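Take a look at the chain as a whole before you zoom in.

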Amino acid sequence: MDKILILDFGSQTTQLIGRRIRDLGVYTEILPGDAALTGSILRGGKGAALKGIILSGSPESVYTNAGAVPDRRIYELGLPVLGICYGLQRMTWDLGGKVEPLPKREYGRVGVSVAAEKMDEADFGRTLKFLSGFDANIPLSLIISAGAWPQPGDQAPAFSAAFTAWMSHGDTLTQLAPGFRQYGTSGTGYPAIVAHTQKPWFGLQFHPEATHTERGTEALAAFVFGVCGCVQGWSMEKYVEEICASLPGWVGENPVLLLISGGVDSTVAGALLLKALGSEKVHLMYMDTGLMRKNETEIVSANLKRLGAKNLHIIHCEAEFLSALKGLEDPEAKRRAIGDLFIKVQERELARLGLPDSCFLAQGTLYTDLIESGKGVGKKAHLIKSHHNVGSPLVDAKRRAGRIIEPLDRLYKDEVRKLGRLLGIDEDIVRRHPFPGPGLAVRIPGEVTREKCEILREADSIFIDELKKRRSPAGNSLYDEIWQAFAVLLPIRSVGVAGDVRKYGWVLALRAITSADGMTADVYPFPAKDLLEISTLITNTVKDIGRVTYDISSKPPATIEWE
Ligand code: XMP
């Protein structure tokens with residue numbers, strides 16, 4: 001399987017570069033911009049062959065020395081390199097060109113014109129393949145199948161094209177590095193596309209991964225297939241085959257324990273383990289903390305049984321969790337109490353199950369989880385909220401012993417959904433919105449009680465059911481258009497009337513956001529009719545709620561959850 005390595009210098013869109021290329025059917029891996037390129041990375045790792053390197057954008061400027069410096073070997077390997085935005089500036093700087101601040105930052109849609117009147121023998125093959133990504137007459141399918149490339153003996157044609165690109169940069173190349181030639185110019189007169197005349201090195205000042213860039217996907221495809229010579233080999237079917245072939249040998253006769261949260265990731269991880277290892281070896285443990293959504297435990301256990309789970313351990317520990325939360329109001333104190341208790345119950349139940357020390361621990365960790373927790377990629381582990389499920393002594397000990405299985409650790413969220421469908425998981429589960437590890441506790445600001453959990457569960461399930469029933473103007477269910485929706489029970493009561501009687505009910509906030517990955521979020525712009533009807537339904541059905549509000553804050557500055 002061919003692989004493209006992306007070196008991350010901190011751009012918001014690095015993930016998107018990876019996603020676009022994977023969607024083209026080529027495996028990508030993201031590493032920190034200054035990662036040492038060791039033997040296993042260069043070999044490709046996990047059966048992959050490294051075919052090219054992409055240098056991402058960055059909020060930094062190359063001349064301040066604040067950003068990561070890539071391993072010089074990227075320029076010595078003979079592999080194709082594509083620099084995007086800062087990545088291009090980085091290459092230019094590293095290879096002897098000049099980069100300086102722009103008089104005015106260039107941001108948004110900018111026209112780019114491409115012109116290549118004269119090409120030498122060497123550029124003709126390589127550079128024309130790259131530039132063909134910008135030719136509006138060449139369809140993506142032809143680029144993928146390499147049918148767009150010039151054939152031996154063809155004359156080098158003059159090439160010209162124009163398109164709109166998405167730019168976001170405060171610096172520009174003021175002198176190309178030796179050996180580079182400019183092929184594209186922005187409407188504002190700055191270098192937009194460059195290529196080396198002898199080496200397979202390319203640079204784009206704009207972001208081909210951004211949807212606003214016309215022919216952006218084609219440009220990435222031209223690099224990946226045309227320049228790097230990749231062949232499509234990344235698909236969920238192949239992924240399943242690979243896991244089913246490798247996991248049994250690694251695990252041997254040992255049992256594997258997976259902690260199930262009920263969310264998409266752990267359910268898909270469970271289904272994959274059951275398929276790869278069979279139901280005897282796989283133990284699934286689920287804790288009913290009392291902080292779950294309505295009917296969660298029943299739904300989770302029915303689903304896992306349907307997937308063939310035999311060793312399913314449901315731990316009822318609501319009382320323990322509620323008592324640990326008693327009197328706690330501070331959000332971080334609540335998260336800590338839940339995290340600590342999770343670990344305690346886990347260890348106790350594991351001991352009770354009597355699984356041997358050689359037992360493996362599996363987790364539904366995604367590629368993006370590793371990136372966010374700073375374990376895999378980048379150095380962006382900025383603690384805004386302590387996500388309790390990132391590490392525990394048990395996980396750390398198992399990791400040290402080499403006994404952690406993370407069968408989804410190379411996948412993005414929507415790849416996990418695709419995998420879930422392939423493994424036959426119910427569409428309802430596959431499409432489910434994310435749910436935080438600490439559960440309803442972070443949706444009940446202030447002290448958490450059983451009564452408040454009951455009220456919130458009821459209101460939340462009405463909200464979610466309505467989103468599933470209602471259609472958007474485009475004809476999709478509102479639930480599917482929204483990335484995450486939930487209700488929050490505020491620690492406030494307000495006065496109202498019910499019949500002729502004064503009512504003093506709780507205030508509920510509804511939250512619904514759209515997002516690509518939860519890192520940033522926009523408020524879902526509900527049609528007013530839906531919001532009004534949902535509000536009425538909730539106040540009519542859940543007698544303790546007297547007032548409903550809609551949270552209209554984006555992330556940033558707010559976070560998605562309230563705590
Ligand atoms: P925030 O509130 O940080 O949430 O904007 C981003 C996404 O992460 C989820 N979230 C969590 N998930 N454990 C989790 O597994 C946690 O402690 C946690 N806190 C927030 C949140 O629901 C949203 O999808």
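What follows goes from the domains to the cores and then to a few residues.

This is a predicted model: local features need pLDDT of at least 70, side-chain atom pairs count only at pLDDT 80 or more, and totals for chains, interfaces and linings use all residues. Residues are numbered from 1 along each chain as its sequence is written, and side-chain values use heavy atoms, with hydrogens and water left out.

Start with the domains. The protein chain is divided into domain 1 (2-227), domain 2 (253-430) and domain 3 (449-550). These bounds come from an automatic or database domain assignment. The C-alpha centres of domain 2 and domain 3 lie 28 Å apart. Between these two, 9 residues of domain 2 are in contact with 8 residues of domain 3. Contact means heavy atoms within 4.5 Å.

Now go inside. In soluble globular proteins, nonpolar side chains tend to be buried together. A nonpolar core is a set of buried Ala, Val, Leu, Ile, Met, Phe, Trp, Tyr and Cys residues joined through side-chain atoms within 4.5 Å. Buried means under 20% relative accessible area, exposed over 50%, and partly exposed in between (1.4 Å probe, protein chains only). The largest nonpolar core has 52 residues, of which L467, L510, F526 and I538 touch the most other members. Helix α16 (residues 450-469) gives the most to this core, with 8 residues. Helices (H or I, at least four residues) and strands (E, at least two) are DSSP runs, numbered from the N terminus. Domain 2 and domain 3 each supply at least three residues to this core. Apart from it lies another core, of 47 residues, among them I21, F130, A221 and F225.

Next, pick out a charged residue. K281 lies in the loop between α8 (264-277) and β11 (282-288). What is the nearest side chain of opposite charge to K281? That is E253, 4.6 Å away. Lys and Arg count as positive and Asp and Glu as negative, while His and the chain ends are not counted. K281 is buried yet has no salt bridge, which is a side-chain nitrogen of Lys or Arg within 4 Å of a carboxyl oxygen of Asp or Glu. The backbone oxygen of G252 lies 3.0 Å from a polar atom of the K281 side chain.

Finish with the backbone. C85 is not a glycine, yet its phi is positive, about 55 degrees. C85 counts as buried, at 4% relative accessibility. A cis peptide bond joins K555 and P556, with omega about -15 degrees.

Conventions:
Polar contact = N/O pair within 3.5 Å; in protein donor to acceptor, adjacent residues only side chain to side chain.
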